Amino acid sequence: MKIKRHHLAFVLLSISAAVLQAADPAVPVVVPTKATDGKTIFQTVCAQCHGNNGEGKAELKSPSIASLPSWYVNTQFTNFREGRRGHDAADPQSFMMATIAKALQPEQIKAVVEHVEKMAMVVPQGQNREMAEASAQAGMQLFQERCMECHRYNASGEMAFGSPPLLGRQGWYLADQLKKFKTGKRGTHKSDVNGAKMVQITNFFIEDDQMLRDVVAYIMTLNPDPSASKEQQDKQIIEGSPFEAVKTAER
């Protein structure tokens, strides 16, 4: 007997929610939707984990996604749908994202991706910005030598290299992703070309946790002042020198 597509979507989402709840009872159940408007889809499906403003939630280990460019979010949805990410149930956040990506219709993905890109970037602050026992000054050298070529001098990303902007992402999230690349939990699928580059970088050039924390601490200094206005923040991203930012942050 054939199962209707919308019923299958409900089953898939229910399974992934059950997996996540087994790991953490605080994780909300995500329900499917037939909506086609990007904002509605985001608030119905995405906001429970990523926050109403796309700011992410530390307690759920969900990243800030607000303002991520459509080309990158599209790529990640494809990675989740095609098994390059989220294939391991031991990684519950990615596993759930893979299930959601497979349940959403292509037109729904297109709509929500466009909505995410239009959302204002949420500048990390507090626990989302702090890296304990880390030296941004030491991290600057590693960033310049190994990260800047693809992610640009100000961590704004580069579509030509498939490198996402690192600005606006929480420090703990960036650290967690680097650890996943280094331990083979991300980027090891044979068709994940950009992920493979990150696996190489983390294994060859990030020698230990100290170096990892240092480079993330430096990336955090590239974010604008969270207390500044939106106009001032945009100006800081475009015009600010990252090499001055780290000096100011460590005074």
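The model is predicted, and local features need pLDDT of at least 70, side-chain atom pairs count only at pLDDT 80 or more, and totals for chains, interfaces and linings use all residues. Residues are numbered from 1 along each chain as its sequence is written, and side-chain values use heavy atoms, with hydrogens and water left out.

Helix α2 covers residues 38-50; helices here are DSSP runs (H or I, at least four residues), numbered from the N terminus. Its 13 residues place the end C-alpha atoms only 15 Å apart, while a straight helix would reach 18 Å at 1.5 Å a residue. That expected span is 1.5 Å times one less than the number of residues. Just after α2, G51 has a positive phi of about 90°.

The buried residues of α2 are G38, I41, F42, V45, C46, A47, C49 and H50. Buried means under 20% relative accessible area, exposed over 50%, and partly exposed in between, with a 1.4 Å probe and protein chains only. Among the elements that cover these α2 residues are α4 (92-103) and α5 (106-118).

Helix α5 also has 13 residues, and its first and last C-alpha atoms are 19 Å apart, close to the expected 18 Å. Its buried residues are Q108, I109, A111, V112, V113, H115 and V116, and they pack against α2, α3 (70-81) and α4.

The loop between α2 and α3 holds S64, which is buried at a relative accessible area of 2%. A polar atom of the S64 side chain lies 3.2 Å from the backbone oxygen of G168. Leaving aside residues up to four places away in sequence, S64 touches G54, E55, G56, V122, G168, R169 and Q170, contact being heavy atoms within 4.5 Å.

The axes of α6 (residues 136-151) and α9 (residues 209-221) come within 7 Å and cross at roughly 90°. The axes are lines fitted to C-alpha atoms over the stretch in contact, and angles run from 0 to 180 degrees between N-to-C directions. The two helices are therefore roughly perpendicular, a term for angles of 65 to 115 degrees. On the α6 side the contact includes A136, G139 and F143, and on the α9 side it includes M211, V215 and Y218.

Q141 lies in α6 and is partly exposed, at 48% relative accessible area. Q141 and V215 are 74 residues apart in sequence and 8.3 Å apart in space, C-alpha to C-alpha.

Most residues other than glycine have a negative phi. E133, in the loop between α5 and α6, has a positive phi near 50° and is exposed at 69%. A155, in the loop between α6 and α7 (171-183), has a positive phi near 60° and is buried at 0%.

Technical notes:
Parallel < 35°, antiparallel > 145°, perpendicular 65-115°, else oblique. Polar contact = N/O pair within 3.5 Å; in protein donor to acceptor, adjacent residues only side chain to side chain.
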